[in-house]
Amino acid sequence: MGKYGYQFLLFAIAFALRLPFLFYGYGVEEDSWGHVLNVAIMTETGVYEISRLPGHPLFEALLLILYKVHSPFLYNLPAAIAGAYSVSVFYRIAQSQRIKLAFWWALAFSLVPVVFISSTYTIDYSIALLFIMLAFEAT
């Protein structure tokens, strides 16, 4: 496989594993439902509301943009994409550190419960994880 083949394969596997869970509501954590309620309030009032301190304006803005066509699938999709892309970034980091069996380590990383579960519902954890990993990779 080429340079990007394994990265794409990891992304595809990770995303496919998360796909069935994206349709079943916004998640079981109160923060995920808080985001949805917060966006509904912002839509009604036209005023920015903090969903939880310290506030997450970028994620809330994304959900606000998607509100007119929102569904659990659309609200969960950014977390799933970020989670699957984090797996590809993990693979690149493992390769740059010359870790043996980097593909398998990245696949194992995608199945760590906190990584897997947080990338299947409306929450910003996997998006934050992606940016942290990209920042690590850039150093």
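Reader: Which exposed residues does the face of helix 7 turned away from its buried side carry?

Author: The model is predicted, with local features needing pLDDT of at least 70 and side-chain atom pairs counting only at pLDDT 80 or more, while totals for chains, interfaces and linings use all residues. Residues are numbered from 1 along each chain as its sequence is written, and side-chain values use heavy atoms, without hydrogens and water. Helices are DSSP runs of H or I, at least four residues, numbered from the N terminus; buried means under 20% relative accessible area and exposed over 50%, with partly exposed in between (1.4 Å probe, protein chains only). On helix 7, the face turned away from the buried side carries the exposed residues Phe131 and Ile132.

Reader: Within what arc do the buried residues of helix 7 fall?

Author: The buried residues of helix 7 are Ser126, Ile127, Leu130 and Met133. Taking the directions from the helix axis to the C-beta atoms, they line one face of helix 7, because seen down its axis they fall within an arc of 125°.

Reader: What covers the buried residues of helix 1?

Author: Helix 1 buries Gln7, Leu10, Ala14, Phe15 and Arg18. Seen down the axis of helix 1, these fall within an arc of 125°, so they line one face. Contact means heavy atoms within 4.5 Å, and the cover includes helix 4 (72-96), helix 5 (102-110) and helix 6 (113-118).

Definitions and conventions. Helices (H or I, at least four residues) and strands (E, at least two) are DSSP runs, numbered from the N terminus.
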